[in-house]
Amino acid sequence: MKVAFFSFGACEGCRYRIVNEFAKIAALLEKYGIEITREPLLGVKTEKNYDVAIIEGAVTSLDIERVKEIRRKAKFLIALGSCAFLGGIATLGYKYGVQADEYLKKGYSLGVPLHQIVKVDGYVRGCPASVGELINVLEEIAVTESISKYERRFEYEKQTDLVLDDGFLRLDTSKCIVCGRCIELCSKINANVLTQAFRGYRVIVTTPAQNSFLEAGCIRCGLCAAYCPVAAITYRNDVEAALKTAKNGGQVVIERQAVEATAEALGIKPGQVIPLLKTLGFSKVEIVNPLSLIDTEKTGIVPYSSAEKRLVKQVFPEASKYLLEYPKLSLDNDTVLVTVCVARKEDHSPVLTVHELVGLARDMLITFKDLPEERLESKNNDCNVKIAKGPEEVKAAVHDFLSNPKGIVILQICPGGCAKGSGLYFPILNDY
Ligand code: SF4
Ligand code: SF4
């Protein structure tokens, strides 16, 4: 069996994912004697012979004849990923009233899902496409010389207007292309807040029973928003408010960890971060370490955000009496907080995450190497407290605390790093 890959209106992310995970496909190729006769990303460019054509991307008006030719030569035609399957990002504009004619006059081309131009035999979902589904569909063709499953499950053109918004997270289902990334990420951290609802063409991404994010168990990690390819999920953005504060001569308070993370992300020295903030317009910069504000004379459990507080109350009600508050910085509205953690947006406004600060600094084309370096205070002002990270450690720590209530335990249900929010390394995201 000979297989050829083709790409049209898309970012090529589906094919890059396949190449990145090629080891998973190699065994299948060997087992069934499948040969790839076209995949430029693998350096294979012949395309004369193929039984299976796999097409990535929405078909633009410039590509119609080429797609029809591919269809004529192929025994099976597979739509790979959300753009080929549903139109994906390439067609979002039409839905939001873009006047296509104006764009066509300027030389742009229309994009449509593959099935609107030619007959499609099989579909591989995802943005980027699922390698597992591709393996399944190829194996079925190799074994049965037919495709019985993998029908289209839903139409991109569906109408849905459900919006879930709690002031921190906002999910606008009308923008969602049902790529499934948010569901996968949320389940990887065991929060399982997001799921699919309804069937067939009515399928949408939502919380179970359309509950609020917090009721559904959201831990405010922000991963879903950071990795949604079409901004159907977003978290509150205070960038405008922060810039206005800076312009009016306001102050900024930055967490010590955020200084290190900003420096790492921009490739500058930590001592240059304070001049960077002053360049943005802030009149005064203060570095804080919230952990040093914890009263270590006390005994108790300190939840990092409302998520841990809720978990203790629900799962360990007997530990509720030991709950203390995470040291909230008392900041006025003329002070911007820069933090590594998206969840801090629950405590204050305006807040900039390190990710937002780094983007802002890059957008303003600041020449980083020219920034002077200021001396920072010693960073050894952490208090000696135990921090439990991730759902399992958190549960074990509360359990241990209850059997011997002594000292301070900080609970951080998020496994550390974060949602591109901090720019810190987050190992589970390696697949993305
Ligand atoms: S913020 Fe995190 S926990 Fe909440 S819905 Fe998004 S991925 Fe899930
Ligand atoms: S909300 Fe975004 S990440 Fe989630 S399925 Fe929809 S498009 Fe994909």
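**Walking through the model**

Mentor: Of the 432 residues in the chain, 38% are buried; buried means 20 or more other C-beta atoms within 10 Å of the residue's own, exposed means 12 or fewer, partly exposed is in between, and C-beta atoms are placed from the backbone. This is a predicted model, so local features need pLDDT of at least 70 and side-chain atom pairs count only at pLDDT 80 or more, while totals for chains, interfaces and linings use all residues. Residues are numbered from 1 along each chain as its sequence is written, and chains are lettered from A and ligands numbered from 1 in the order in which they are written.

Trainee: How many helices and strands are there in the chain?

Mentor: The chain has 15 helices and 19 strands. Those are DSSP runs numbered from the N terminus, with helices being H or I of at least four residues and strands being E of at least two.

Trainee: Which strands form the open sheet, and in what order?

Mentor: The order is E2-E1-E3-E5-E7, five strands with parallel pairing. Two strands pair if DSSP finds at least two bridges between them. E2 (35-38) and E7 (122-124) are the edge strands, each pairing on one side only. From one strand to the next, the twist averages 25°.

Trainee: And what packs on that sheet?

Mentor: Helix H7 (residues 131-144) does, touching E3 (52-56), E5 (76-80) and E7. The direction of H7 makes about 155° with that of E7. For angles like that, axes are lines fitted to C-alpha atoms, for helices over the stretch in contact, and the angles run from 0 to 180 degrees between N-to-C directions.

Trainee: How many bridges hold E1 and E2 together?

Mentor: Three, between E1 (residues 2-7) and E2, in the parallel sense. Lysine 2 stands opposite glutamate 35 there.

Trainee: Switching topic: what surrounds ligand 1?

Mentor: There are 14 residues around ligand 1, and the closest are Cys186, Ala191, Cys218, Cys221 and Cys224. A residue is near a molecule or strand here if its C-beta atom, placed from the backbone, lies within 6 Å of it. H8 and H9 are the elements that give two or more residues to that shell. By class, the ligand 1 shell holds twelve nonpolar, one polar and one charged residues. Ala, Val, Leu, Ile, Met, Phe, Trp, Tyr, Cys and Pro count as nonpolar, Asp, Glu, Lys and Arg as charged, and the others, Gly among them, as polar.

Trainee: Which residues come nearest to ligand 2?

Mentor: Cys176, Cys179, Cys182, Cys228 and Ala232, out of 13 residues around ligand 2. That shell divides into eleven nonpolar, one polar and one charged.

Trainee: Back to H8, then. Which of the residues in H8 are buried?

Mentor: In H8 (residues 181-188), Arg181, Cys182, Leu185 and Cys186 are buried. They are on the same side of H8, because they cover an arc of only 120° around the axis. The arc is that of the directions from the helix axis to the C-beta atoms.

Trainee: What covers them?

Mentor: The cover includes strand E11 (204-206), helix H9 (223-227) and strand E12 (233-235). Contact here means that two C-beta atoms, placed from the backbone, lie within 7 Å.

Trainee: Last one: is E16 enclosed or open?

Mentor: Largely enclosed by the rest of the structure, because four of the five residues of E16 (residues 335-339) are buried. E16 runs parallel to E13 (residues 251-255), joined by four bridges, and also pairs in the parallel sense with E17 (residues 351-353) over three bridges.
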